[in-house]
Amino acid sequence: MHEGGIRTGGVEKEVSFVDAGTDPNLNDQIDTAYRTKYRRYEETYVKPMVSPEVRSTTIKLVTR
């Protein structure tokens with residue numbers, strides 16, 4: 001497991017980077033949210049972002 005820190009909007013947290021592949025539904029949920037958010041754009045922009053190669057890079061940030 002890898003660890004690090006993230007900072008956004010003035011908030012800073014220590015996190016662990018966890019392989020999200022352990023949750024079989026997570027990538028489907030992310031893809032659905034992405035397609036919903038960007039549905040007004042051409043499929044040529046959306047399709048590469050929901051490809052198997054991209055899905056394999058999904059990680060979960062868990063606060064420590």
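In the predicted model, Glu-14 counts as partly exposed, at 43% relative accessibility. The side chain of Glu-14 meets that of Arg-64 in a salt bridge, with 2.9 Å from N to O. Because Glu-14 lies in strand β2 and Arg-64 in the segment after β3, this pair ties together parts that are 50 residues apart in sequence. Arg-64 also meets Glu-3 in a salt bridge, here with an N to O distance of 3.3 Å. This second pair links distant parts of the chain as well, with Glu-3 in strand β1 and Arg-64 in the segment after β3, 61 residues apart. Glu-3 is exposed, because its relative accessible area of 53% is over the limit of 50%. Taken together, Glu-3, Glu-14 and Arg-64 are linked in a network of salt bridges. Side chains of opposite charge can pair when their charged atoms come close.

The count of salt bridges in the model comes to five. Another of them joins the side chains of Asp-28 and Arg-55, with 3.0 Å from N to O. Asp-28 is in helix α1 (residues 26-37) and Arg-55 is in helix α3 (residues 52-55), so the pair ties together parts 27 residues apart in sequence. Asp-28 is partly exposed, with a relative accessible area of 39%. Arg-55 is also partly exposed, with a value of 23%.

Strand β1 (residues 2-8) runs antiparallel to β2, and the two are joined over seven bridges. They form a hairpin with two residues between them, and Gly-9 in the turn has a positive phi of about 55°. Within this pairing, Gly-5 has Glu-14 of β2 as its bridge partner, and Ile-6 stands opposite Lys-13 in β2. Strand β2 also pairs with β3 in the antiparallel sense, over five bridges. In that pairing, Val-15 stands opposite Thr-63 in β3. In a regular strand the side chains alternate between the two faces of the sheet.

Ser-16 lies in strand β2, which spans residues 11-19. Ser-16 counts as buried because its relative accessibility is 6%, and buried means under 20%. Apart from neighbours within four places in sequence, Ser-16 is in contact with Met-1, His-2, Glu-3, Lys-60, Leu-61, Val-62 and Arg-64. Two of these contacts, Glu-3 and Arg-64, belong to the salt-bridge network described above.

Two aromatic pairs are found in a search of the whole structure. In one, Tyr-34 and Tyr-38 are tilted, with 4.6 Å from centre to centre and 45° between the planes. In the other, the ring centres of Tyr-38 and Tyr-41 are 5.9 Å apart and the planes lie at 45°, so this pair is also tilted. Tyr-34 counts as partly exposed, at 25% relative accessibility. Tyr-38 is partly exposed with a relative accessible area of 26%, and Tyr-41 counts as partly exposed at 40%.

Terms used:
Residues numbered from 1 in each chain as written. Predicted model: local features only at pLDDT ≥ 70, side-chain atom pairs only at ≥ 80, totals over all residues. Heavy atoms only, no water. Helix = DSSP H or I, 4+ residues; strand = E, 2+ residues; numbered from the N terminus. Buried < 20%, exposed > 50% of the residue type's maximum accessible area, 1.4 Å probe, protein only. Contact = heavy atoms within 4.5 Å. Phe/Tyr/Trp six-rings, centres within 6.5 Å; stacked < 30°, edge-to-face > 60°. Pairing = 2+ DSSP bridges. Salt bridge = Lys/Arg side-chain N within 4 Å of Asp/Glu carboxyl O.
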